[in-house]
Amino acid sequence: MNLIRYQRPDLVWPTFGRLSSLRDELDRLFESPLAELTRSSQLLSGWTPALDVYEDKENFIVKAELPGMKKEDVEVSLHDGALSISGERKSETKHEDAEAYRAERFFGRFQRTVTLPAPVAADKVKAQYKDGVLTVTLPKTEEAKPKQIDVSIS
Amino acid sequence: MKQTLEKDTPKNAERTPATEFVKPEVNIYETKDGYLLEAEMPGVDKDGLEITLEGNELTITGRRPDESVDGELLFRERSRVNFQRTFELDPAIDTARINAKINQGLLTLTLPKSEQVKPRRIAVSE
């Protein structure tokens, strides 16, 4: 990787020696396995579906944007008070002669986990997938619901 | 051919303030019969979708219904803004035969090329 114009060594000023060694350092950094990781891994190119979390008196409601998926390809699970939404989006378009000329959509696996702030009744969790939005309703356990205690003032 | 179905020109960017719309993410494929455009509009159904053709500019607009929940918002990443994006069409597209469908927030537009511009093999006579 060399982005600066080549200069003949005899024309380079002595003070540039440090700068060019810094440049070599940077080049090495970008050629290191770390750079390879950021380029190839899902860290920068992956799909993180946007989600909202609401809370009302009875429930936690999680809404996730998963456009263009099949219901069967979405997995919702609850483990230790954490809700996991995962799945895989597959490309529907399979034209042998098609040439993709704009590709902004992400295909592949994704996973998002939300730690819920209070215990929920795992057996009463409901999920609905409509218009590309997944809505998960998680009823709170009786103990987690806010209670109003009337205190009589004498 | 490549440049003719390009995305938003600066002119269109000025026309729609950034605060009003977000651009849906799209995939565009070209086949020998035409183009296929997929746009992600989560939350938008058939009634919230509007597709307009003005000259050779195709605009897709997706309005999200108000799906606010009566409760406290703990965490928010989703945008409430409607979707809009404009595309300049390849003149080879037969605009009368453009087809649109929306399924699970994914808009699929089929833009066929008119018959006379499809590649065709010409037989060489002896």
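## Chain B at a glance

From the N terminus on, the elements of chain B run α-β-β-β-β-β-β-β-β-β. That comes to one helix and nine strands. Helices (H or I, at least four residues) and strands (E, at least two) are DSSP runs, numbered from the N terminus. Residues are numbered from 1 along each chain as its sequence is written, while chains are lettered from A and ligands numbered from 1 in the order in which they are written. This is a predicted model: local features need pLDDT of at least 70, side-chain atom pairs count only at pLDDT 80 or more, and totals for chains, interfaces and linings use all residues.

Of the 126 residues of chain B, 25% count as buried. A residue is buried if 20 or more other C-beta atoms lie within 10 Å of its own, exposed if 12 or fewer, and partly exposed in between; the C-beta atoms are placed from the backbone. Contacts are defined by C-beta atoms too, again placed from the backbone: two residues touch if these atoms lie within 7 Å. Among contacts in chain B between residues at least 6 apart in sequence, 61% join residues at least 24 apart.

## Confidence

pLDDT is the predictor's confidence in each residue, from 0 to 100. Its mean for chain B is 83, and 84% of the residues of chain B reach 70 or more. Where pLDDT is low, the predicted coordinates should not be read in detail. For the complex, the predictor gives an ipTM of 0.75 and a pTM of 0.71.

## A residue in chain B

B:Tyr35 is found in strand 3 (residues 34-40) of chain B. Is B:Tyr35 buried or exposed? B:Tyr35 counts as buried, because it has 23 C-beta neighbours inside 10 Å. B:Arg85 is 50 residues away from B:Tyr35 in sequence and 17 Å away in space, C-alpha to C-alpha.

## The sheet within chain A

Three strands of chain A form an open sheet in the order 3-4-6, with antiparallel pairing. Strand 3 (74-79) and strand 6 (108-115) of chain A stand at the edges; each has a single partner strand, so one side of each is left without a neighbour in the sheet. Neighbouring strands are turned by 15° against each other on average, direction ignored. Axes here are lines fitted to C-alpha atoms, for helices over the stretch in contact, and angles run from 0 to 180 degrees between N-to-C directions.

Two strands pair if DSSP finds at least two bridges between them. Strand 4 (residues 82-89) of chain A is joined to strand 6 of chain A by eight bridges, and the two run antiparallel. A:Gly87 has A:Phe110 in strand 6 of chain A as its bridge partner.

A five-strand open sheet has the order 7(A)-8(A)-2(A)-1(A)-6(B), with antiparallel pairing. Strand 7 (126-130) of chain A and strand 6 (72-75) of chain B stand at its edges, each with a single partner strand, so one side of each lacks a neighbour in the sheet. The twist averages 20° from one strand to the next.

Start with strand 2 (residues 59-65) of chain A, where six of seven residues are buried. Seven bridges join this strand to strand 8 (residues 133-139) of chain A, antiparallel. A:Phe60 has A:Leu138 as its bridge partner in strand 8 of chain A. Strand 1 (residues 51-55) of chain A pairs with strand 2 of chain A over five bridges, also in the antiparallel sense. These two strands form a hairpin with three residues between them.

Strand 1 of chain A is mostly covered, with four of its five residues buried. Three bridges join it to strand 6 of chain B, and the strands run antiparallel. A:Val53 has A:Val62 as its bridge partner in strand 2 of chain A, and stands opposite B:Phe75 in strand 6 of chain B. A:Tyr54 stands opposite B:Leu73 in that strand of chain B.

## The interface

How many residues of chain A are in contact with chain B? There are 28, and they meet 30 residues of chain B. Strand 1, strand 2 and strand 5 (99-103) of chain A are the elements that give two or more residues to this side of chain A. By class, this side has 13 nonpolar, four polar and 11 charged residues. Ala, Val, Leu, Ile, Met, Phe, Trp, Tyr, Cys and Pro count as nonpolar, Asp, Glu, Lys and Arg as charged, and the others, Gly among them, as polar.

Strand 5 of chain A pairs with strand 2 (residues 26-30) of chain B in the antiparallel sense, over four bridges. A:Arg102 stands opposite B:Ile28 in strand 2 of chain B.
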